[in-house]
Amino acid sequence: MASAQCCDNPPALNPAGGEGKVVDSFGGLKAYLVGSDESKAAVILISDIFGFESPNLRKIADKVALSGYFVVVPDFLHGDPYTPENAERPRPVWIKSHAPKKGFEEAKPVIAALKEKGVSAVGAAGYCWGGIVVVELAKVHEIQAAVVLHPGPITIDDIKEVKCPISILGAEIDHVSPPELIKQFEQVLSANSGFAHFVKIFPGVAHGWSVRYSHDDAAAVASAEEAMGDTIDWFNKNLK
């Protein structure tokens, strides 16, 4: 990760949070599941470096499920989320054990498990670290729709390789994926007329805003809810 912003506002993790359930193995990974087992459309939510026990991430999963999706939030970090207070494992050390490319490879069996249960359309949304994983999935026809929120380090060349409808939601105050770069992503996507895209920069918010916000901050909650609404709208347009 390229910036300390990736570590701002760490959540208080809650293994029992959410309306759904945690299973020991879905496609080989521990995962939080919520939504109708009968749904033919599924969404995978891929966490930031703080992992799948983030209460706000599970609230997003519950809300996405209410729109008719079977939602999977896999533990791509294998019970080892980043902990800022652990001085022995600063972020550059921690990330060596959790490369996004590893998450990309581990997502493939999760998608296969969804298809085995009868799902015909799979979307994925990723936050920071998870956004990198989602872009990798979008390059290789693994998913039918992608949403990337305040992504970790991705490049113009990465975006050139995307092959499915993609929504990129950026922050005005972001040192990892600054607005200037997000606008370049939009130019690349506009030049490729083969699939739909949506790019938006949220004013007055910082990297991580959509999933790491304080419920006591009304403006932060409103921006996060707007991002969640945009995410669900994108899936409704491209998965149903």
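Student: How many of the five residues in strand β6 (residues 145-149) are buried?

Tutor: Keep in mind that this is a predicted model, where local features need pLDDT of at least 70, side-chain atom pairs count only at pLDDT 80 or more, and totals for chains, interfaces and linings use all residues. Residues are numbered from 1 along each chain as its sequence is written, and side-chain values use heavy atoms, with hydrogens and water left out. Strands are DSSP runs of E, at least two residues long, and helices are runs of H or I, at least four, both numbered from the N terminus. Buried means under 20% relative accessible area, exposed over 50% and partly exposed in between (1.4 Å probe, protein chains only), and β6 is mostly covered, the buried count being five of five.

Student: Which residues of β6 point the opposite way from Ala145, Val147 and Leu149?

Tutor: In a regular strand the side chains alternate between the two faces of the sheet. Ala145, Val147 and Leu149 take one side of β6. The other side, also buried, goes to Ala146 and Val148.

Student: Which residue of β6 is the bridge partner of Tyr127?

Tutor: Strands pair if DSSP finds at least two bridges between them. Strand β5 (residues 121-127) runs parallel to β6, joined by five bridges. Tyr127 has as its partner in β6 Leu149.

Student: What is the handedness of the crossover from β5 to β6?

Tutor: The chain gets from β5 to β6 through helix α4 (residues 129-138). With the strands pointing away from the viewer, a clockwise path from the first strand over the helix to the second counts as right-handed. This β-α-β crossover is right-handed.

Student: And in β7, which residue is the partner of Val148?

Tutor: β6 also pairs with strand β7 (residues 166-173), in the parallel sense, over four bridges. The partner of Val148 there is Ile168.

Student: How far from Cys164 is the nearest cysteine sulfur?

Tutor: A disulfide here is a pair of cysteine sulfur atoms within 2.5 Å, and the count is zero. Cys128 is buried, at 0% relative accessible area. Its sulfur is the nearest to that of Cys164, which is in no disulfide, and the distance is 20 Å.
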